[in-house]
Amino acid sequence: MNGSRLDDFLALSRAHPWELTPFSESLADGARAQVWDTGVLCIEPAVPGNRDLVLSCGIHGNETAPIELCERLLNAILSGRLTCRQRLLFIFGNPAAMNLGVREVEENLNRLFSGAHARGEKRNHERERAARLEQYVTRFFEARDGAERLHYDLHTAIRPSAYEKFAIYPFTHGAPYSRQQLAFLCSAGVETILLADGPTTTFSYFSAHGFGAHAFTVELGKVMPFGQNDARRFAAMERNLEQLISEPDWQPPALDLNQLRVFRVCQEITKQSEQFRFHFADTIANFSAFAAGTLLAEDGEQQWFAQEQQEAVVFPNAGVANGQRAALMVTTAELTTDMLA
Ligand SMILES: [Zn+2]
């Protein structure tokens, strides 16, 4: 692999942050590694297993730990240390934002999927990127039928969290939740699950709804600068992904429902104007809880109160654009066996 352009894939992507001319190379084991665009690399094993796996990271450019994790997996595959036996699409979402060390350049990429990039008058690089990422995921999943489709969109949160790792289970439109996927997350150290209550414009919902993929937004901890993440804190996820990639028949240990902490969304707080403000400190940890009746936020005339006994806040961010979600409010929920398949 000496001298291969693939070895510099991430550096190349960062040097061409919005567009990279496609190229492909063969790996020693006969797999093809195809660069589709900046930050987008598809591995096609000579004889693929029955899972088609999308691994995305850096949808928010400053969320470095998942970028480092995916880079380690990719390097292990390119160097032959890890054999890729499943079709695999790596997506490093926003190289321009990575270069700047910011969450987004102009607009939050993870609110632009399922066609949201084309709504309204606004045009910017992130909107173009969302449209192209949709095409790549479509191309990847539609290349064949019958495989199990998976998409783990890896993030880190901008604030501390009472539960360090958690996953958002996109709205299933009434379909049962996957026991096997919950087992995968649980054994990857992601023991807190947040059940979405409706369609969204996130990347994971796009794959789940559009392609029947088991797809999740996975929060792996708090944002740190490049090089300052402790890989040991992500080791369980990394090991699970390695096994998923390299062992076609691998299954996670059976799910123990008692190990899971489950929440459901009970209300969303949407910022309307520059008058918007929270009634709690901006630095509050994710999953901090409030008693019913507590004033949470106000925006001019409008006020939001906690409605449930123990209502917890996730992703509070008063700095979002007007019209965007400033916080999710969640409450504990129960997953029973009749809700699983
Ligand atoms: Zn993120």
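Analyst: A pocket is an open set of points on a 1 Å grid over the protein atoms alone, with protein on both sides within 12 Å along at least five of seven lines; its lining residues have an atom within 4 Å of a point. A volume is the space filled by probe spheres set on the points, and the points are joined across faces, edges and corners. For the largest pocket this volume is about 770 Å³. Of the 44 residues lining the largest pocket, R103, N108, R111, Q324 and R325 are the closest to its centre. This is a predicted model, in which local features need pLDDT of at least 70 and side-chain atom pairs count only at pLDDT 80 or more, while totals for chains, interfaces and linings use all residues. Residues are numbered from 1 along each chain as its sequence is written, and side-chain values use heavy atoms, with hydrogens and water left out.

User: Which strand gives the largest share of the lining of the largest pocket?

Analyst: Strand 6 does, with three residues. Strands are DSSP runs of E, at least two residues long, and helices are runs of H or I of at least four, both numbered from the N terminus. Strand 9 (214-222), strand 10 (261-270) and strand 16 (325-332) also supply at least two residues each.

User: How many residues of each class are in the lining of the largest pocket?

Analyst: There are 14 nonpolar, 16 polar and 14 charged residues. Asp, Glu, Lys and Arg count as charged; Ala, Val, Leu, Ile, Met, Phe, Trp, Tyr, Cys and Pro as nonpolar; and the others, Gly among them, as polar.

User: What does a search of the whole structure find in the way of cavities of 30 Å³ or more?

Analyst: The search finds one. A cavity differs from an open pocket because it is a set of points where a 1.4 Å probe fits but cannot get out. The space in the largest cavity is about 40 Å³. Its lining consists of R51, E148, L150, Y152, Q180, Q181, F184, L244, W250 and P252. By class, six of these are nonpolar, two polar and two charged.

User: Which elements each supply at least two residues of the lining of the largest cavity?

Analyst: Strand 6 (148-157) and helix 5 (179-187) do. In helix 5, Q181, L182, A183, F184, L185 and C186 are buried. After helix 5 comes G189, with a positive phi near 90°.

User: Why is T156 called buried?

Analyst: Buried means under 20% relative accessible area, exposed over 50%, and partly exposed in between (1.4 Å probe, protein chains only). T156 has a relative accessible area of 1%, so it is buried. T156 lies in strand 6.

User: What makes the arrangement around the zinc ion irregular?

Analyst: The protein donors are H60 (ND1), E63 (OE), E63 (OE) and H155 (ND1), at 2.0 to 2.3 Å from the zinc ion. Donors are N, O and S atoms within 2.8 Å of the metal (3.2 Å for Na, K and Ca), and sites may look incomplete because water is not among the atoms. Four donors are tetrahedral if all angles lie between 85 and 135 degrees; four are square planar and six octahedral if opposite donors are over 155 degrees apart and all others between 65 and 115; anything else is irregular. The four donor atoms here subtend angles of 57 to 145°, so the arrangement is irregular.

User: How are the donor residues of the zinc ion spaced in sequence?

Analyst: The spacing is H-x2-E-x91-H. E63 is in the loop between strand 4 (51-57) and helix 2 (64-78) and H155 is in strand 6, so the pair ties together parts that are 92 residues apart in sequence. Both E63 and H155 are buried.

User: Why does H173 count as partly exposed?

Analyst: H173 has 42% relative accessibility, so it falls in the partly exposed class. H173 sits in the loop between strand 7 (166-169) and helix 5. Its phi is near 55°, a positive value in a residue other than glycine.

User: Is F315 buried or exposed?

Analyst: The relative accessible area of F315 is 19%, so F315 is buried. F315 is in the loop between strand 15 (310-314) and strand 16. Phi of F315 is also near 55°, positive in a residue other than glycine.

User: What makes D338 exposed?

Analyst: D338 has a relative accessible area of 66%, so it is exposed. D338 belongs to the segment after strand 16.
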